[in-house]
Amino acid sequence: MTHKESEPVLSVRDLRIGIGKQNAILHGVSFDILPGETYGLVGESGSGKSITGLSVMGLLKRPLQVTGGSILFRGQELLTLNSRARRRLRGDRMAMVFQEPMTALNPLATVGRQIAEMFVIHRGLRWSQARTKAVEALENVRVPSPEERARSYPHQLSGGMRQRVMIAMALACRPDLLIADEPTTALDVTVQAGVLELIAELSQAEGTAVLLVSHDLGVIANMCRRVGVMDQGRLVEEQDTRALFERPLHPYTRGLLAARPRLGSRTLAQRGRLTELDEVVSSDERGRDQPTLVTPRVFSGATP
Ligand SMILES: Nc1ncnc2c1ncn2[C@@H]1O[C@H](COP(=O)(O)OP(=O)(O)OP(=O)(O)O)[C@@H](O)[C@H]1O
């Protein structure tokens, strides 16, 4: 890694997306993600979380297009790069995992081959070496019997295992940035936790910056130190996660928090994590030994 540890891996400034110039959908979103940081983007369906992630990856599909702003990746402007250069970055320096792994996996190739391909394309390894690396990559994401699993086709694996395979592919080349868009929404609650813990562990071990997109505040609470709240194509608030739960500044965030799942619902709260966070936040000990907080930001319509 050549960039300094304190410099953001990703710096999104005033990002605008629209259908042509007239029909704006994302209205000037800005945020930074530091190395090793997991930054959460939360908001209701349709608020613009996914299109933000897709535009960073350069995977936005027409009729949607970036109409303004800047996306700096390790100091390099992505919006002026040609498609070949962006393709070279994808899968190598930045990678994305989606809610539904089958959209990213080829049903006709074994998972071992698909992971191996990453090493062949981006690292120039021979297939024999790449296959060995693929088995290692499966081992890293705690896939049991990785040699055997490498020979499986995606449909022969459970949803949780497929998600691990997609994470193994995404992290194969040790990217600086991982974009995880609702990575556990389609999974059973017990499997969710394992996949999230895996992303957190790998990010810490490798210093990977993670953009975690989720509508689930419980997931964000467990994974992220900072969170941006999106509403109707705007980032309406950005705060340290604990502070957000304690003192939501924007009315929309307050609404989200009021509507958040409680014990008994099908989220991480079921495992007591959200309740733990509630306890931490409401405790007198809060704030102690916490990393330095960023200045809370409210972007519009705030009534602090
Ligand atoms: N292909 C498309 N054509 C036109 N509008 C689109 C297209 N894809 C997304 N949009 C619009 O962009 C807005 C943001 O969508 P986006 O998928 O980013 O929301 P989201 O917050 O990720 O929600 P979800 O969690 O449901 O994916 C929505 O209003 C959606 O209708």
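Which strands form the open sheet, and in what order? Here are some notes to read alongside the model.

1. **What you are looking at.** This is a predicted model, in which local features need pLDDT of at least 70, side-chain atom pairs count only at pLDDT 80 or more, and totals for chains, interfaces and linings use all residues. Residues are numbered from 1 along each chain, as its sequence is written.

2. **The sheet.** To take up the opening question: 4 strands form the open sheet, in the order E2-E1-E4-E5, with antiparallel pairing. Strands (E, at least two residues) and helices (H or I, at least four) are DSSP runs numbered from the N terminus, and two strands pair if DSSP finds at least two bridges between them. Strand E2 (23-33) and strand E5 (76-77) stand at the edges with a single partner strand each, so one side of each has no neighbour in the sheet.

3. **Helix on the sheet.** H1 packs on the sheet, where it touches strand E1 (10-19), E2 and E4, and its direction makes about 110° with that of E1. Contact here is between residues whose C-beta atoms, placed from the backbone, lie within 7 Å. Axes are lines fitted to C-alpha atoms, for helices over the stretch in contact, with angles from 0 to 180 degrees between N-to-C directions.

4. **Strand pairs.** E1 and E2 run antiparallel, joined by 8 bridges, and Leu-10 stands opposite Ile-33 in E2. The two strands form a hairpin with 3 residues between them, and Gly-20 in the turn has a positive phi of about 70°. E1 is also joined to E4 by 8 bridges, again antiparallel; the bridge partner of Gly-18 in E4 is Gln-65. E4 (residues 64-73) pairs with E5 over 2 bridges, and in E5 Glu-77 is the bridge partner of Leu-72.

5. **Around the ligand.** The ligand has 14 residues around it, and Ser-45, Ser-47, Lys-49, Ser-50 and Ile-51 come nearest. A residue is near if its C-beta atom, placed from the backbone, lies within 6 Å. Helix H1 (residues 49-57) gives the most to this shell, with 3 residues.

6. **Confidence.** The mean pLDDT (the predictor's confidence in each residue, from 0 to 100) is 83 for the chain, and 84% of its residues reach 70 or more. Over residues 263-295 pLDDT stays under 50, and the model has 40 contacts beyond four places in sequence for them. Where pLDDT is low, the predicted coordinates should not be read in detail. The model scores ipTM 0.91 and pTM 0.83.

Methods
Two residues are in contact if their C-beta atoms, placed from the backbone, lie within 7 Å.
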